[in-house]
Amino acid sequence: MNTEIRAVTKENMEEILALQVDSTQTSFVESTRQCLKDAEECPYYRPAGLYKNGFLVGFAMYGLFPDEGPNGRVWLDRYLIDGRFQGQGLGGIMLEALIEHLVALYHCSEIYLSLYEDNQRALHLYRKFGFQFNGELDFNGEKVMVKIL
């Protein structure tokens, strides 16, 4: 299986905007439209399409926030697999690819993310990949998790 993480461009924009999580997950993650709006407002965000064998299956938004901590923090701020592709193991496959991508891109030793603790599917996945709560809350009241590499 070939996985790719591609920047959002005018060529894949419509396809990115069409991505949607399952209806039971809409309260846990912003729409791709909102994510792209947030990326326009914050220069640190990098939105990306997640591809399996050339097909768009998900979306992520990440970035290095230099003013956080002594060396800045790398955040995996948004992550979703389109509802049509859930239940196929792609959450783990793409998360592994994202972690590798972030380490290669930022040469980081930690990756941060946040979530609402009642998002049990995401919590299980993140814990499986070594993310642990660090006792912090983000500005939305979500619990912060960190993966030490």
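This is a predicted model: local features need pLDDT of at least 70, side-chain atom pairs count only at pLDDT 80 or more; totals for chains, interfaces and linings use all residues.

Biologist: Okay, helix 2 to start. Which of its residues are buried?
Modeller: Thr32, Cys35, Leu36, Asp38 and Ala39 are the buried residues there. They cover an arc of only 155° around the axis, which puts them on the same side of helix 2.

Biologist: And what does the face turned away from that buried side carry?
Modeller: That face of helix 2 has the exposed residues Arg33, Glu40 and Glu41.

Biologist: What do the buried residues of helix 2 pack against?
Modeller: They pack against helix 1 (13-17), plus strand 2, strand 3 (55-65) and strand 4 (73-81).

Biologist: Can we zoom in on Thr32? Which residues does it touch?
Modeller: Leaving out residues up to four places away in sequence, Thr32 touches Ile16, Leu17, Leu19, Phe59 and Leu80. Thr32 has a relative accessible area of 1%, so it counts as buried.

Biologist: Phe59 and Leu80 in one list. Where does Phe59 stand in relation to strand 4?
Modeller: Phe59 stands opposite Leu80, which is in strand 4.

Biologist: Let's do the strands, then. How many bridges are there between strand 3 and strand 4?
Modeller: Eight bridges, and the two strands pair in the antiparallel sense. One example is Leu64, whose bridge partner in strand 4 is Val74.

Biologist: How many bridges join strand 2 to strand 3?
Modeller: Seven, and those two strands also run antiparallel. Arg46, for instance, has Tyr62 in strand 3 as its bridge partner. Strand 2 and strand 3 form a hairpin with two residues between the strands, and in that hairpin Asn53 takes a positive phi near 50°.

Biologist: Is strand 4 mostly buried or exposed?
Modeller: Eight of the nine residues of strand 4 are buried, so the strand is largely enclosed by the rest of the structure. Strand 3 is mostly covered too, with nine of its eleven residues buried.

Biologist: Nice. New topic: aromatics. How many aromatic pairs are there?
Modeller: The count comes to four aromatic pairs. One of them is Tyr45 with Phe65, an edge-to-face pair at 5.5 Å centre to centre with 75° between the planes. That pair links distant parts of the chain: Tyr45 is in the loop between helix 2 and strand 2, Phe65 is in strand 3, and they are 20 residues apart.

Biologist: Tyr45 and Phe65, buried or exposed?
Modeller: Tyr45 counts as buried because its relative accessibility is 13%. Phe65 comes out at 12%, so Phe65 counts as buried as well; the cut-off for buried is under 20%.

Biologist: Which residues form the aromatic cluster?
Modeller: Tyr44, Tyr45 and Phe65 form one cluster.

Biologist: What about charges over rings?
Modeller: The charged end of Arg6 sits over the ring of Tyr51, 3.8 Å from its centre. The charged end of Lys143 sits over the ring of Phe133, 5.6 Å from its centre.

Biologist: Now helix 3. What span should its 17 residues have?
Modeller: Helix 3 covers residues 90-106, and at 1.5 Å a residue it should span 24 Å. Its end C-alpha atoms are 24 Å apart, which agrees.

Biologist: Which residues are buried in helix 3?
Modeller: Among them are Leu90, Met94, Leu98 and Tyr106. Just after helix 3, His107 takes a positive phi of about 50°.

Biologist: Last one: Gln132. Where is it found?
Modeller: Gln132 is in strand 6, residues 132-137. At 45% relative accessibility, Gln132 counts as partly exposed. Setting aside neighbours within four places in sequence, Gln132 is in contact with Val144, Met145 and Val146.

Biologist: Great, thanks!

Notes: Residues are numbered from 1 along each chain as its sequence is written. Side-chain values use heavy atoms; hydrogens and water are left out. Helices (H or I, at least four residues) and strands (E, at least two) are DSSP runs, numbered from the N terminus. The expected span of a helix is 1.5 Å times one less than its number of residues. Buried means under 20% relative accessible area, exposed over 50%, partly exposed in between (1.4 Å probe, protein chains only). The arc is that of the directions from the helix axis to the C-beta atoms. Contact means heavy atoms within 4.5 Å. Rings of Phe, Tyr and Trp (its six-membered ring) pair if their centres lie within 6.5 Å; planes under 30 degrees apart count as stacked, over 60 as edge-to-face and the rest as tilted. A charge sits over a ring if NZ of Lys or CZ of Arg is within 6 Å of the ring centre and within 35 degrees of the ring normal. Two strands pair if DSSP finds at least two bridges between them.
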